[in-house]
Amino acid sequence: MMKPKVIVNVAMSADGKLALPDRTEVKISGEEDFKRVHELRNRVDAILVGIGTVLADDPKLTVKERFVEEPDHPLKVVLDSNGRTPEDAQLFDKGESLIITTEHIDKEGWIRCGEDGRVDLSILMKELSKRGVEELLVEGGGEVISSFFKEGLVDEFKVYVGSLVIGGKDAPTPVDGEGADDIDGLINLKLVDYELMDDGILLNYEVDDG
Ligand SMILES: NC(=O)c1ccc[n+]([C@@H]2O[C@H](COP(=O)([O-])OP(=O)(O)OC[C@H]3O[C@@H](n4cnc5c(N)ncnc54)[C@H](OP(=O)(O)O)[C@@H]3O)[C@@H](O)[C@H]2O)c1
């Protein structure tokens, strides 16, 4: 069974941060980029975020009709190993959602991928393929994106660089986690194109695994 194609999309400040040091969301891009993201959401089969993003931003993860007429709302997927997703999270308001957890959490309707620790992404990929997901959009945050890179699952990396500086060594970045142990752990990218958008720039990379 083929794994879903994984596209990572993030917006970061010019100094490489995703949000304030206390994880409060920041508006990094503008209307043109929002439209691009909503069109991308509409194209894929599923959108995925980590529980850190759900707790920080309470995202809806829907496609806004302001940007896409008659949207096909993709499946929303949250990685939540310890059952912390609030029952009133906005992502439950509209469309289908899947909370992915581990064997030690038993909640009706939740999917368990992995015995302990964190959600096992290779099991998750099989589960999503089984459900017909061919394209998966990973929107964050930095810890989840780091795991997808570390496991060699990322095909495309789209980074919008906004014209602002957030600063602070504790502010989340697009790829947090532990980072590379040595130069063999670096992930090489191929810049395939770029586009000026709003007052920033969108960089489109493919992961160079050759
Ligand atoms: N600018 C942007 O484009 C953008 C987009 C999204 C988010 N953000 C920002 O990013 C911040 C949140 O990022 P974050 O790094 O704190 O959280 P995150 O990546 O959204 O979620 C991380 C959590 O996901 C859970 N998880 C389950 N399985 C995992 C796995 N295999 N690998 C990694 N994590 C797994 C872990 O919690 P458990 O162990 O409890 O499961 C982990 O702590 C917020 O400030 C948000 O505003 C910005």
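In which loop is Glu 70 found? In this predicted model, Glu 70 belongs to the loop between helix 2 and strand 3, the latter spanning residues 75-79. The backbone of Glu 70 has a phi angle near 45°, which is a positive value in a residue other than glycine.

**The ligand and its surroundings**

The ligand takes up the space of the largest pocket. A shell of 27 residues surrounds the ligand, and the closest of them are Ala 11, Thr 53, Ser 81, Arg 84 and Ser 147.

At least two residues each come from strand 1 (5-12), helix 2 (51-57), strand 6 and helix 4 (142-150). Helix 2 gives the most, with five residues.

| Residue | Protein atom | Ligand atom | Distance |
|---|---|---|---|
| Leu 18 | backbone N or O | nitrogen | 3.3 Å |
| Arg 118 | polar side-chain atom | oxygen | 3.2 Å |
| Val 144 | polar backbone atom | oxygen | 3.0 Å |

On its own, the ligand has 930 Å² of accessible area, and the protein covers 91% of that area.

Strand 6, one of the elements that supply residues to the shell, comprises residues 135-140 and includes Glu 139. What does the side chain of Glu 139 make a polar contact with? The partner is the side chain of Arg 41, at a distance of 2.7 Å. When neighbours within four places in sequence are left aside, Glu 139 is in contact with Asn 9, Val 10, Val 37, Arg 41, Ile 47, Leu 48, Val 49 and Leu 61.

Which two residues are joined by a cis peptide bond? The bond lies between Gly 140 and Gly 141, and its omega angle is about -5°. Gly 141 itself is located in the loop between strand 6 and helix 4. Both of the elements that this loop connects supply at least two residues to the shell around the ligand.

Key:
Residues numbered from 1 in each chain as written. Predicted model: local features only at pLDDT ≥ 70, side-chain atom pairs only at ≥ 80, totals over all residues. Heavy atoms only, no water. Helix = DSSP H or I, 4+ residues; strand = E, 2+ residues; numbered from the N terminus. Polar contact = N/O pair within 3.5 Å; in protein donor to acceptor, adjacent residues only side chain to side chain. Contact = heavy atoms within 4.5 Å. Near = heavy atom within 4 Å. Areas by Shrake-Rupley, 256 points an atom, 1.4 Å probe, with all protein chains shown as cover. 1 Å grid on protein atoms, 1.4 Å probe; cavity = no way out; pocket = protein on both sides within 12 Å on 5 of 7 lines; lining within 4 Å. Sits in = over half its atoms within 2 Å of the grid points.
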